[in-house]
Amino acid sequence: MTHTKPVNVGLLGIGTVGGGAYTVLARNAAEIARRAGRPILITRVADRNLELARAVTGNAATVTLTDDAFAVVRAPEIDVVVELIGGYGVARELVLEAIKNGKHVVTANKALLAVHGNEIFAAAQEKGVTVAFEAAVAGGIPIIKALREGLSANHIEWAAGIINGTTNFILSEMRDKGLPFAQVLKEAQRLGYAEADPTFDIEGIDAAHKVTLIAAIAFGIPIQFDKAYVEGITRLEAADIQYAGQLGYRIKLLGIARRRAHGVELRVHPTLVPEKRLLANVEGAMNAVLVKADAVGATLYYGKGAGAEPTASAVIADLVDVARASAIAPSLRVPHLAFQPDQLRSDLPILPIDEAETAFYLRLVVEDKLGVLADVTRILADEGLSIDALLQREPEEGEGKTDIIILTHVCQEKQANAAIARIEKLAAVTEKVTRLRLESLQ
Ligand code: HSE
């Protein structure tokens, strides 16, 4: 091997992912060193829980344990800091301090990068160090590598992904068992799929962090989480999952980044996907990202988006990249956001959701009276919405009410809004219209 000097790693956080990284690095040390050209060694670990740190490392003499993470990012012999603490607060300070001290950084922290990524990458650029983040998006799936390097010949048109395992597990259970959201969430928490505070997952925020990073590296734009449209799955009703099924669709929480002529759509919401698409068949806690690019066409990336060893797989791949790249002049390394930092486009804004182009699923609760459907279809036609499919539930004897489900062709979101506002004013429409977006993903 050309270099025998090991890469010294300081690990911040030895919980699930940190423990996985420690275990996998130890198990595959020889093979990883053959790839990296030098051994990769965790020599310092910071964790508030020293007991846990001792248990995971087996109290190895080669590793110094501490509860002071700042001591690790400032330690002179450390080459790379692996940040697995999470959150936007102290993690940001630690990452910036590590960069200031000339350390490369590997992080799984999508929240941090989605919110403070521009600042962090600028600081790293200035200092000539790398901040690698494969583990931040879709866990073990090498989607960052694929977008940033594997597809670099292409004009990327769009990416759509199931990038939150918790919500995909909940949606799969709701469909399989016909159960309401709240009941499945409780079950998911009991099984450890959902956290005690599941807000980031079920409100779509975690998926929005990830798709924001995908959009930046796919299109060469700055990171703009604050402009993403975010809608979670908490208001999704079991009835809509059933009706979608009858019409040949599954409902998935998709993160969508789509390039249009004058801007970028960046949105997370429950989405009807034709059941014949591979993406519609990604079940349970699995993740998948479908990318459409001009030269290669569609490519699909599937795997585990969370968990100790799958996420560690991405963290260690980043460590190998850093080990190799540290011998290369900073200006010749793969840029953080795939495009050269002075080539990021500021003329491609994130479009407001009103301007999104998508098809719609509309569920109307109506009085079962003559002329209701005619009124509804007239409004849709007035607003320029073309109907793709229509389903009416046969009312129970004497019920007097029914559900009408309409699938539209692609239109602008604002056209759908205008139509929905008018439909809700009809006397025979008794409840607010349920509206979901539909993507054919062709
Ligand atoms: N909470 C995430 C998920 C995993 O459910 O997919 C970490 O990003």
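Is Phe 169 buried or exposed? Phe 169 is buried, at a relative accessible area of 8%, where buried means under 20% relative accessible area, exposed over 50% and partly exposed in between (1.4 Å probe, protein chains only). Keep in mind that this is a predicted model: local features need pLDDT of at least 70, side-chain atom pairs count only at pLDDT 80 or more, and totals for chains, interfaces and linings use all residues. Residues are numbered from 1 along each chain as its sequence is written, and side-chain values use heavy atoms, with hydrogens and water left out. Helices (H or I, at least four residues) and strands (E, at least two) are DSSP runs, numbered from the N terminus.

**Helix 8 and helix 9**

- Helix 8 (residues 165-177) packs with helix 9 (residues 181-190) at an angle of about 125°, and their axes are 9 Å apart. Axes here are lines fitted to C-alpha atoms, for helices over the stretch in contact, and angles run from 0 to 180 degrees between N-to-C directions.
- That angle makes helix 8 oblique to helix 9; angles under 35 degrees count as roughly parallel, over 145 as roughly antiparallel, 65 to 115 as roughly perpendicular and the rest as oblique.
- Helix 8 and helix 9 cross in a right-handed way. A crossing is right-handed if the near helix is turned clockwise from the far one by less than a right angle, and left-handed if anticlockwise.
- On the helix 8 side, the contact uses Phe 169, Ile 170, Glu 173 and Met 174, and on the helix 9 side Phe 181, Val 184, Leu 185 and Ala 188. Contact means heavy atoms within 4.5 Å.
- Sorted by class, this contact of helix 8 with helix 9 has seven nonpolar, no polar and one charged residues. Ala, Val, Leu, Ile, Met, Phe, Trp, Tyr, Cys and Pro count as nonpolar, Asp, Glu, Lys and Arg as charged, and the others, Gly among them, as polar.
- Asn 168 also sits in helix 8, and at 1% relative accessibility Asn 168 counts as buried.
- Beyond residues up to four places away in sequence, Asn 168 touches Ile 162, Lys 252, Val 282, Glu 283, Gly 284 and Met 286.

**Aromatic pairs**

- There are two aromatic pairs in the structure. Rings of Phe, Tyr and Trp (its six-membered ring) pair if their centres lie within 6.5 Å; planes under 30 degrees apart count as stacked, over 60 as edge-to-face and the rest as tilted.
- Phe 121 and Phe 133 have ring centres 5.5 Å apart and planes at 45°, so this pair is tilted.
- Phe 121 belongs to helix 6 (residues 110-127) and Phe 133 to the loop between strand 6 (131-132) and helix 7 (143-150), so the pair ties together parts 12 residues apart in sequence.
- Phe 169 and Tyr 193 make a stacked pair, 4.0 Å centre to centre with 15° between the planes.
- This pair links distant parts of the chain, 24 residues apart, with Phe 169 in helix 8 and Tyr 193 in the loop between helix 9 and helix 10 (199-202).
- Tyr 193 is partly exposed, with a relative accessible area of 39%.

**Helix 14 and helix 15**

- Helix 14 and helix 15 (residues 413-425) pack at about 155°, with axes 9 Å apart. That makes helix 14 roughly antiparallel to helix 15.
- The crossing of helix 14 past helix 15 is right-handed.
- Val 376, Ile 379, Leu 380 and Asp 382 of helix 14 meet Ala 419, Arg 422 and Ile 423 of helix 15. By class, that is five nonpolar, no polar and two charged residues.
- Val 372 is in helix 14 (residues 372-382) and is buried, with a relative accessible area of 6%.
- Setting aside neighbours within four places in sequence, Val 372 is in contact with Val 366, Glu 367 and Ala 428.

- Buried residues in helix 5 (residues 90-100) include Ala 91, Leu 94, Val 95 and Leu 96.
- Their cover includes strand 1 (7-12), helix 4 (69-74) and helix 6.
- Gly 102 follows helix 5 and has a positive phi, near 80°.
- Leu 41 lies in strand 2 (residues 40-46) and counts as partly exposed at 39% relative accessibility.
- The C-alpha atoms of Leu 41 and Val 9 are separated by 5.8 Å, although the two are 32 residues apart along the chain.
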